[in-house]
Amino acid sequence: MPGSLNHINLWILDEEDRFAIVDTGLDIPPAREAWEKLLAGPLAGRTVARILCTHFHPDHLGLAGWLAERSGARLWMTRGEWLFGRMLTADVRETPPAEAGAYQRAAGWSEARIAEEAAKGWGRFASMVSPIPVAMVRLRDGDEIAIGARSWRVVVGSGHSPEHACLLDEAGKLLIAGDQVLPRITSNVSLSLSEPEADPLGEWLASIAKLKTLPDDLLVLPSHGEPFYGLHARLDALAAGHLGRLDALHALLAEPRRAVDCFMTLFGRQIEDGSLGLATGEAMAHLRHLEVEGRAVRGERDGVYWYRAA
Ligand SMILES: [Zn+2]
């Protein structure tokens, strides 16, 4: 993977003489080449039984359609994730919708920065994703799926994406965690343009609590970083990180602030242009959560949201 993420972990599960794939990589030439090498090398002579994707983000779903087309295998996803991917690939336009500019303005972006972003068009997601199959097999929270000798339970989380599927092999003590639990970095939790009144950070914290009901002795297989033990400690650290940032933000809101005024408090550094979108989404998610909790009040002036402590 390009950028600071550097890589994504994908999983290949034995399924008798065939194999199942979990997550697929971005649709970029180096990722296609990596698959070509695998399929012609260690996996030669075996067929793809099915393709599972934990969520719709392009590094996970990007090559699902390409792999499905060449193998004939079905795509397995939760309905929410599949619909999101289908929606975003179906909506490519030259000019972003008015809601995009309104969201950026609300967060405190300058008009010049909004115009610069608008000039890039709308629908970049589709450029990183091969056409998503129009049919899929639905994964639901709690489903048990037999794959080879193992049984995997679907554990759905939310906040990083709408209906993220983790896969739990309780007997084998394995958790394919996707982006729901990462060992070193925190998953991006953004207030989405598609649901500006939602509370994704609330959903994320609830998902952390839900995952803490799983056994602590699982080997966690994350999408980025090394497999690790210590699920509960990592979940506690992730929750504490968000709660600490919420408290710091609450203190900052003694004076009215916009989302762009919160970057130093949230991230401890200035935000470069390339990560402005992600940082803005994350700041908006934290501010929105304080508002939902009744700890902050949102005011609006000329389309700009100003938050202050309640
Ligand atoms: Zn993701």
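Welcome to this structure, a predicted model. Of the 310 residues in the protein chain, 37% count as buried. The chain holds 11 helices and 12 strands. Its radius of gyration is 20 Å, close to the 19 Å that the globule rule gives for 310 residues, so the chain is as compact as a globular protein of that length.

**Overall dimensions and contacts**

- Along its principal axes, the C-alpha trace of the protein chain spans about 65 × 45 × 30 Å.
- Take the contacts in the protein chain between residues at least 6 apart in sequence: 67% of them join residues at least 24 apart.

**A look at T95**

- T95 sits in the loop between α4 (79-90) and α5 (98-107).
- This residue, T95, has 11 other C-beta atoms within 10 Å; because a residue with 12 or fewer counts as exposed, T95 is exposed.
- Setting aside neighbours within four places in sequence, T95 is in contact with A118 and W122.
- A34 is 61 residues from T95 along the chain, and the C-alpha atoms of the two are separated by 34 Å.

- Strand β11 covers residues 296-301 and strand β12 covers residues 304-309; the two pair in the antiparallel sense over six bridges.

Key:
Residues numbered from 1 in each chain as written. Predicted model: local features only at pLDDT ≥ 70, side-chain atom pairs only at ≥ 80, totals over all residues. Helix = DSSP H or I, 4+ residues; strand = E, 2+ residues; numbered from the N terminus. Rg over C-alpha atoms; globule rule 2.2 N^0.38 Å. Buried ≥ 20, exposed ≤ 12 C-beta atoms within 10 Å, placed from the backbone. Contact = placed C-beta atoms within 7 Å. Pairing = 2+ DSSP bridges.
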